[in-house]
Amino acid sequence: MSDEQFDELMARLAGNPDDPELVREVAYAHDRRGLEHEAVPYYGRALALRADDRLGIFTGYGSTLRVIGRFEDAVKVFEQGLAEFPGDPALRAFLAMALYNRGDARRAVSTLLTLLAEKDQVGPYGKAVAYYAENLDETI
């Protein structure tokens with residue numbers, strides 16, 4: 001997006017501050033321009049206004065929060081997204097990253113192992129991987 005297009009989008013938003021789709025597009029535009037910190041309030045507002053593409057908003061919002069170091073907030077957003085879109089693989093993968101970043105490596109690995117097992121990505125080892133996703137510390 002060019003500077004001119006970005007400025008035009010922001011001018012449209014100034015004239016229509018409660019347009020949920022416009023707020024969502026402004027959040028995405030800020031992210032695409034590397035303005036993650038500035039994108040955060042627009043993501044929150046887009047969710048509050050019930051903008052379309054809620055799955056994309058949850059994914060972008062949580063990812064942005066993670067990238068700027070707000071790991072706990074990112075986990076909360078991903079969990080909210082998963083409440084609305086249960087089992088979404090992208091949200092779960094991003095959740096795993098945020099969990100890792102906040103120091104919860106066990107839950108992060110468990111989340112990823114469960115996702116791999118559910119998506120049949122581990123061939124004949126699916127049952128074992130699913131079991132150890134919940135029992136990572138088990139040894140004999």
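User: Is D120 buried or exposed?
Analyst: D120 is exposed, with a relative accessible area of 58%. Exposed means over 50%, buried means under 20%, and partly exposed lies in between (1.4 Å probe, protein chains only). This is a predicted model: local features need pLDDT of at least 70, side-chain atom pairs count only at pLDDT 80 or more, and totals for chains, interfaces and linings use all residues. Residues are numbered from 1 along each chain as its sequence is written, and side-chain values use heavy atoms, with hydrogens and water left out.

User: Where does D120 sit, and what is its phi?
Analyst: Most residues other than glycine have a negative phi. D120 has a positive phi, near 55°. Its place is the loop between α7 and α8.

User: R50 is not a glycine; what is its phi?
Analyst: The phi of R50 is positive, about 65°. R50 belongs to the loop between α3 and α4, where α4 covers 54-67. With a relative accessible area of 54%, R50 counts as exposed.

User: How many helices and strands does the chain have?
Analyst: There are eight helices and zero strands. Helices (H or I, at least four residues) and strands (E, at least two) are DSSP runs numbered from the N terminus. Along the sequence the pattern reads α-α-α-α-α-α-α-α.

User: What does the C-alpha trace span, and how much of the chain counts as buried?
Analyst: The trace spans about 65 × 25 × 25 Å along its principal axes. Of the 140 residues, 37% count as buried.

User: How do I read the packing of α7 and α8?
Analyst: Two packed helices are described by the angle between their axes and the distance between the axes. Here α7 and α8 (residues 126-134) pack at about 160°, with axes 8 Å apart. Axes are lines fitted to C-alpha atoms, for helices over the stretch in contact, and angles run from 0 to 180 degrees between N-to-C directions. α7 and α8 are therefore roughly antiparallel. The classes are roughly parallel under 35 degrees, roughly antiparallel over 145, roughly perpendicular from 65 to 115, and oblique for the rest.

User: Is the crossing of α7 and α8 left-handed or right-handed?
Analyst: α7 passes α8 in a left-handed crossing. Left-handed means the near helix is turned anticlockwise from the far one by less than a right angle; clockwise is right-handed.

User: At what angle do α5 and α6 cross?
Analyst: α5 (residues 71-84) and α6 (residues 89-101) cross at roughly 155°, and their axes come within 9 Å. That makes α5 roughly antiparallel to α6. The crossing of α5 and α6 is left-handed.

User: How many salt bridges does the whole structure hold?
Analyst: Side chains of opposite charge can pair when their charged atoms come close. A search of the whole structure finds 11 salt bridges. Each has a side-chain nitrogen of Lys or Arg within 4 Å of a carboxyl oxygen of Asp or Glu.

User: Which residue does R33 meet in a salt bridge?
Analyst: R33 pairs with D3 at 2.7 Å, N to O. R33 is in the loop between α2 (20-32) and α3 (36-48), and D3 is in helix α1 (residues 3-15), so the pair links distant parts of the chain, 30 residues apart. R33 itself is partly exposed, with a relative accessible area of 29%.

User: What does R45 meet in a salt bridge?
Analyst: R45 meets D18 at 2.1 Å, N to O. R45 lies in helix α3 and D18 in the loop between α1 and α2, so the pair ties together parts 27 residues apart in sequence. R45 is partly exposed, with a relative accessible area of 35%.

User: At what N to O distance do E25 and R24 meet?
Analyst: Their side chains form a salt bridge at 2.8 Å. Salt bridges that share partners join E21, R24 and E25 into one network. R24 is buried, with a relative accessible area of 12%. E25 is partly exposed, at 29%.

User: Which residues make the nonpolar surface patch?
Analyst: V109, Y131, Y132 and L136 make the patch, about 330 Å². Patch residues have over 30% relative accessible area and no salt bridge; like charges are joined within 9 Å, nonpolar side chains (Val, Leu, Ile, Met, Phe, Trp, Tyr) within 5 Å. The areas come from the Shrake-Rupley method with a 1.4 Å probe; for residues, only the protein chains shown count as cover. V109 lies in helix α7 (residues 105-118). At 38% relative accessibility, V109 counts as partly exposed.

User: How far apart in space are A128 and L47?
Analyst: A128 and L47 are 38 Å apart, C-alpha to C-alpha, and 81 residues apart in sequence. A128 is found in helix α8. At 36% relative accessibility, A128 counts as partly exposed.
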